[in-house]
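Please report on the fold of this chain. Begin with the overall figures, then look at the core and one set of paired strands.

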Amino acid sequence: MSRRRGSRNTIAQRIFLTVAAVILTGGIWYFSGAGIPLEEASSLAQEVLGTAGEQWDQLKDFSEDLSIPGKASPHPDAGELSLDASIPEGSVRVHVLNVGQALSVLIQTPQANVLIDGGENDTAPDTTGYLQEQGVTRLDLVFNTHPHYDHYGGLRTIMGEIPADAYITPDLPEDQVPTTASYEKLLDFLAESDTSVKPARTGTQYDLGGDVTLTLLGPVGTYDDLNNWSLVLRLDCGDRSFIIPGDIENKAERDLLESGAELSCDVLVLPHHGSSTSILGDFVRAASPAYGVISCGKNNDYGHPHQETLNLYQKLGTQLFRTDEDGTIVFETDGESLEVCTLGAAA
């Protein structure tokens, strides 16, 4: 488990070396100008520099303390997160699971467990094991953002091991409901289970206990593309917020903006695995997240995340995490502080 720090001392080192050069040069000039021989002036200047150098370790420690993932300046409230500790009352823990070129997000409060998508079936055993390690024995809500295999493929296996009370999916036109064998098997499984299957209703709010609510922001239009039918979920805990928008692309992003939905958030799971088809500038600026999470597979065939996407968020000062590089990424907030840890990607 690690917190992503990046090259945290690089800037501080450059500043220190620049100041050191100025001290050394200026000191020699000053002491020699005072009539002190050049050799002695150089020695005195180095003593001054040495005094400054004694502060370097403290400077490094200080810079490390500031090097918490955040926007252009470090996030003032971030801290170290331990998954060994129980979730405090009134808090929420959000896990963006490392499921390769797919998506699966677990939301936990002391009162509720919510799963958004389940990745593909080949990662489902590991996902199930991870949920069980987090103490999940039953899921209160399961959302399938949209019926593409990389979002629903693992759900049947997961729910076969961990029962779910309710399953929520987009209310698709009949001609857009997939007819693939894997999706029909999922529908058959749901029909035979005790899980209540419900069509998504935009605007619905779910109380997850404490001061934590989950709101369906979208879809707000009708589309020809299943990606744009993705459920868009907003999680709020006190002053902190997360948005999980599935695979929405530019058209659905624009529709959300025009709907007046509240898009500003602390953490955004980037739409469509960081694709360049999902970076409508106005949408990204409206969200303006301090942290962005990209769920993508190592060396995937789609080239996700696209460089245009990385460039746009980096210009905004968003601190980006990637499951292919960082592994599973976990956030926890009590509505004020916001803590994050990464579990490391498999080699």
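This is a predicted model: local features need pLDDT of at least 70, side-chain atom pairs count only at pLDDT 80 or more; totals for chains, interfaces and linings use all residues.

Residues are numbered from 1 along each chain as its sequence is written, and side-chain values use heavy atoms, without hydrogens and water.

The chain has eleven helices and 15 strands. Helices (H or I, at least four residues) and strands (E, at least two) are DSSP runs, numbered from the N terminus. Of its 347 residues, 51% are buried, meaning under 20% relative accessible area with a 1.4 Å probe, protein chains only.

The largest nonpolar core has 35 residues. Such a core is a set of buried Ala, Val, Leu, Ile, Met, Phe, Trp, Tyr and Cys residues joined through side-chain atoms within 4.5 Å. L208 is among those with the most contacts inside it, as are L214 and L235. Beyond its neighbours within four places in sequence, L208 is in contact (heavy atoms within 4.5 Å) with residues including I107, L141, L214 and L235.

Strand β8 spans residues 212–218; six of its seven residues are buried, so the rest of the structure largely encloses it. Two strands pair if DSSP finds at least two bridges between them. The pairings of β8 are these:

| Partner of β8 | Residues | Sense | Bridges |
|---|---|---|---|
| β7 | 205–207 | antiparallel | three |
| β9 | 232–237 | antiparallel | six |

T213 of β8 is the bridge partner of D207. T213 also stands opposite D236 in β9. Four residues lie between the strands in the hairpin of β7 and β8, where G209 takes a positive phi near 100 degrees.

Methods. Buried means under 20% relative accessible area, exposed over 50%, partly exposed in between (1.4 Å probe, protein chains only).
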